[in-house]
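Welcome, and please open your viewer.

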Amino acid sequence: MTAPLPPFPMHVSVQEARTLLAALLPERRTETLPLAQAAGRTLAGDLRALVSHPSATESALDGIAAREADTLGAAPPTPVRLRVIGESRAGAAFTGTVGAGECVRIYTGAPLPPGADAICPVEQLLDDGPDGVLLRRPASPGDVRHEGGDFRTGEVVMTAGLLLTAPRLALAAALGHPQVPVLAPLRVALLSTGDEVVPPGQPLTAGQVYDSNSVGLRAMLIEAGCEVIPLGHAPDSPEALQAAIDRAGGADALLTSGGVSMGRYDFMRDLLVEQGRVSFWKVRMRPGGPAILGGWNGLPVFGLPGNPVSSLVVFHVIVRPALTGQPPQTLRLRAATPFRALPDKTAFWRATLQNGTVSDYGQQGSGILRSLSDAGALVIVPEGQPVAAGDDVDVILL
């Protein structure tokens, strides 16, 4: 007799897992923060330029501002002499007009005076009396920064969804914004499970392991901009797991590790299947296949495998993209060694980086946690498509 199919998808793809998890997450709240507090947050709305930059046509370097036509032919053997009639500096622009045979000393960022259209750098100048200067090369219009050359007033320069890195925060300030709208952090409860799991620092007995998952996952949640609600650890007991889950009130989602595979004591899986709601169980990937997504009293629950490498890799390629709305950043690099394919799963093999190439790390077991610390990348090998040495491959940097 054929066993009945489960009432939820089995063996979904990585992209399907991301999409299903993202669909369960609540709509993100927004808040407004001063620039000094917005680092690492996600921009929640477009930013328009409140000013033009540069605000005036200006010099890109120190030197003199002149009419290009007056300086043509200038060379070390035959310098051109111009009369200096003033200076222009940032905050104190020259107010007159540059005429034929005249120039103005100018400094980086200073407004270009009327009449001038080119700059000669100070390194190519020789003083010639109290009001004269000799040019050893022609002045160049290329050293002029034109008003609005970077951005103009009213232009949309930054779009919603951008991660606010240091350069982008500096740009927001240059646009004239003292504060920015950002997505409020998702509140994610974190629970580790398993009778064998022990907090670091306590003595171990045979078969026990230190709880590395909660440490690594907490750090990754913080890096993803989430607020972490630590639920600690629960042993392998349906009652203990249910009590721990019930402590996740106020969270936007619950992330667990362990108890989701096919063993007799994988109670997290059983709770979601029997008393909760399951969106999918198992992902066509290695490491990390036995992951489960579901809900418990309206709370989205994503159960990660207990093996530490599997847990962290699934977070990298599925959970983080769903939380942030940003797919993993990949590079196209040359494979220095072969990478094997699996017939029915996408493989994320650990690899080392050297001189723009990637090599198989060697130890690919899901319990080899040091491999994620030592390896610099995950090489993506699609189902049934082995990679030969010399092929180009997609790589996720760790």
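Start with helix α6, residues 267-275, where Phe267, Met268, Arg269, Leu271 and Leu272 are buried (under 20% relative accessible area, with exposed over 50% and partly exposed in between, using a 1.4 Å probe and protein chains only). Helices (H or I, at least four residues) and strands (E, at least two) are DSSP runs, numbered from the N terminus. The model is predicted: local features need pLDDT of at least 70, side-chain atom pairs count only at pLDDT 80 or more, and totals for chains, interfaces and linings use all residues. Residues are numbered from 1 along each chain as its sequence is written, and side-chain values use heavy atoms, leaving out hydrogens and water.

Now show the surroundings of α6. Its buried residues pack against α5 (238-246) and the strands β14 (187-193), β18 (253-257), β19 (277-283), β21 (292-296) and β22 (299-304), where contact means heavy atoms within 4.5 Å.

Next, select α4 (residues 213-223) and α7 (residues 308-324), which pack at an angle of about 20° with their axes 11 Å apart. That makes α4 roughly parallel to α7 (angles under 35 degrees). For the side chains, pick Asn213, Gly216, Leu217, Met220, Leu221 and Glu223 on α4, and Pro308, Ser311, Leu312, Phe315, His316, Arg320 and Leu323 on α7, which make the contact.

Last stop: Gly384, in the loop between β26 (377-381) and β27 (392-397). Is Gly384 exposed or only partly exposed? Gly384 counts as partly exposed because its relative accessibility is 48%. Leaving aside residues up to four places away in sequence, Gly384 touches Ala341, Leu342 and Pro343.

Definitions and conventions. Axes are lines fitted to C-alpha atoms, for helices over the stretch in contact, and angles run from 0 to 180 degrees between N-to-C directions. Angles under 35 degrees count as roughly parallel, over 145 as roughly antiparallel, 65 to 115 as roughly perpendicular and the rest as oblique.
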